[in-house]
Amino acid sequence: MSIDAKLRERAAKVVPGGMYGHLNAALHGPAYPQFFVGGEGCRQRDVDGREYVDLMCSWGPVVLGHRHPAVEGAVAAQLAAGDCLNGPGPVYVELAELLVETVPQADWVMFSKNGTDATTQALMVARAATGRTKVLMAHGAYHGADPWCTPSPAGTTPNERADLVEFTYNDLASVEAAAAQAEGDIAAIIVTPFKHDSFEDQELVAAEFARGVRALADRIGAALVIDDVRGGWRIDLGGSWEPLGVRPDLYAFSKAMANGHPIAAVTGVDSLRGPAQTLYSTGSFWFNAAPMAAAKATIETLRAIGGIALMERAGTRLREGLAAQAASHGFTVNQTGPVQIPWLSFEGDATLEKGMFWAAACLEEGVYLHPWHNWFLSAAHTDADIDRALQGTDAAYAKLRARFGAD
Ligand code: PMP
């Protein structure tokens with residue numbers, strides 16, 4: 001029995017279902033290991049000693065590579081001085097200043113721990129500012145796991161979701177219709193920077209849609225919230241809609257902000273500073289200094305090394321390599337999303353039978369990617385690492401062809 005299987009057996013006795021939530025390996029396919037013991041750069045090792053080229057980056061947080069020396073050095077120094085104290089350290093102010101300087105939309109910052117904290121806090125600010133109730137969100141979008149937004153209704157009440165009105169991503173008319181339905185009572189429109197729903201091809205945002213939701217929010221006096229938890233720090237250091245010239249009232253950030261250390265942030269515009277100040281929004285660990293030191297080091301390093309360009313280079317190499325391999329093996333694939341937050345699906349594979357088989361074959365070949373959730377690249381992926389990953393994906397395509405035949 002593998003060490004992974006033994007640990008799962010023990011976990012099943014002391015944790016409901018052994019493992020819950022998005023990191024439950026059972027959801028990713030039977031070949032996926034549950035437990036990991038180490039990571040270095042763009043490699044991760046599972047508990048049975050198998051090493052993978054990591055194309056998931058811990059589902060987003062690891063943006064500079066595992067155990068990046070600048071980040072780990074900053075964390076070690078902060079831990080040596082003190083982490084969880086009676087109040088935040090000076091690094092709280094330094095990090096807030098860095099965020100206000102780096103994100104042009106930001107006039108102020110509030111910190112928390114997880115992406116869900118940030119999206120929830122952003123909506124609280126919007127409601128405090130407007131005195132209104134309803135929130136417009138895209139059908140199928142993921143904004144976290146609190147009762148108002150978790151994709152599974154288990155353990156929640158209909159009331160907890162009653163204030164959401166859905167629209168279709170990239171369809172401005174549907175946002176207008178949702179706004180009309182909730183007329184006069186809309187506190188916020190929350191939107192991700194691109195469409196990255198699980199199990200589906202991704203969709204980049206249409207510039208007219210981004211401009212349209214901005215104009216609509218202004219017209220109806222609602223706050224525009226961009227949930228940049230997934231896209232943030234990989235698309236543009238100034239916020240993921242900065243290249244479009246569209247600025248929200250509130251950005252929610254987390255994941256890649258501190259290269260794997262736990263922290264989230266909401267950034268806001270001046271007009272929301274007063275309402276933000278009225279919230280009672282806090283947590284025992286929200287002001288720990290070490291994750292703040294990690295965030296500061298991560299953002300400074302991303303800026304210094306041109307991290308986004310490095311991820312785009314790696315992502316382009318991966319996308320071109322995967323496309324050439326698919327063609328040579330006779331498969332039609334769809335590669336969607338920004339190159340540094342990619343996903344690949346097989347044409348006509350509605351049941352994901354091919355996708356699951358191919359992902360498991362990639363795993364066998366030492367490449368960790370995901371069958372139904374987008375992947376993430378980091379600034380640590382060199383050309384040689386991508387080429388190593390492509391060796392594995394090529395062998396996986398060959399196995400797929402042997403099993404299913406070409407398209
Ligand atoms: N929003 C988006 C767009 C996300 O991708 C996620 C996490 N996958 C969240 C919110 C929630 O973040 P967390 O899991 O850190 O609470």
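These are my notebook entries on what I looked up in this predicted model.

**Ground rules.** I count residues from 1 along each chain, in the order in which its sequence is written. Because the model is predicted, I take local features only at pLDDT of at least 70 and side-chain atom pairs only at pLDDT 80 or more, while totals for chains, interfaces and linings use all residues.

**The open sheet.** I began with an open sheet of 4 strands, whose order is S1-S2-S3-S13 and whose pairing is mixed. The strands, like the helices below, are DSSP runs numbered from the N terminus (helices are H or I with at least four residues, strands are E with at least two), and two strands pair if DSSP finds at least two bridges between them. Strand S1 (36-40) and strand S13 (367-368) are at the edges with a single partner strand each, so one side of each has no neighbour in the sheet. I then looked at S1 and strand S2 (residues 43-46), which pair in the antiparallel sense over 4 bridges, and I found Gly39 opposite Gln44 in S2.

**Strand S8.** Next I asked how many residues of strand S8 (residues 223-227) are buried. The count is 5 of its 5 residues, where buried means that 20 or more other C-beta atoms, placed from the backbone, lie within 10 Å of the residue's own. Ala223, Val225 and Asp227 point one way from S8, whereas Leu224 and Ile226 point the other way. I noted beside this that side chains in a regular strand alternate between the two faces of the sheet.

S8 runs parallel to strand S7 (residues 186-191), to which 4 bridges join it, and Ile189 stands opposite Leu224 in S8. From S7 the chain crosses through helix H7 (residues 207-220) to S8 in a right-handed β-α-β crossover (with the strands pointing away from the viewer, the path from the first strand over the helix to the second runs clockwise). S8 is also joined by 3 bridges to strand S9 (residues 250-253), again parallel, and in S9 the bridge partner of Ile226 is Tyr251.

**Strand S10.** From S9 I moved on to strand S10 (residues 264-268), which is joined to S9 by 4 bridges and runs antiparallel to it; here Ala252 has Val266 in S10 as its bridge partner. Strand S4 (residues 108-112) is likewise antiparallel to S10, with 5 bridges, and Ser112 stands opposite Ala264. In S10, 5 of the 5 residues are buried, so the strand is largely enclosed by the rest of the structure.

**Around the ligand.** Which residues come nearest to the ligand? Of the 13 residues around the ligand, they are Asn114, Gly115, Thr116, Val229 and Arg230, a residue being near if its C-beta atom, placed from the backbone, lies within 6 Å. Helix H4 (residues 115-130) gives the most to this shell, with 3 residues.

**Helix H10.** Last, I followed helix H10 (residues 307-329), whose 23 residues reach 33 Å from the first C-alpha to the last, close to the 33 Å expected (1.5 Å times one less than the number of residues). Its buried residues include Met311, Leu318 and Leu322. The buried residues of H10 pack against helix H9 (289-305), strand S11 (333-336), strand S12 (343-346) and helix H12 (383-404), with contact taken as C-beta atoms, placed from the backbone, within 7 Å. After H10 comes Gly330, with a positive phi near 85 degrees.

Technical notes:
Buried ≥ 20, exposed ≤ 12 C-beta atoms within 10 Å, placed from the backbone. Contact = placed C-beta atoms within 7 Å.
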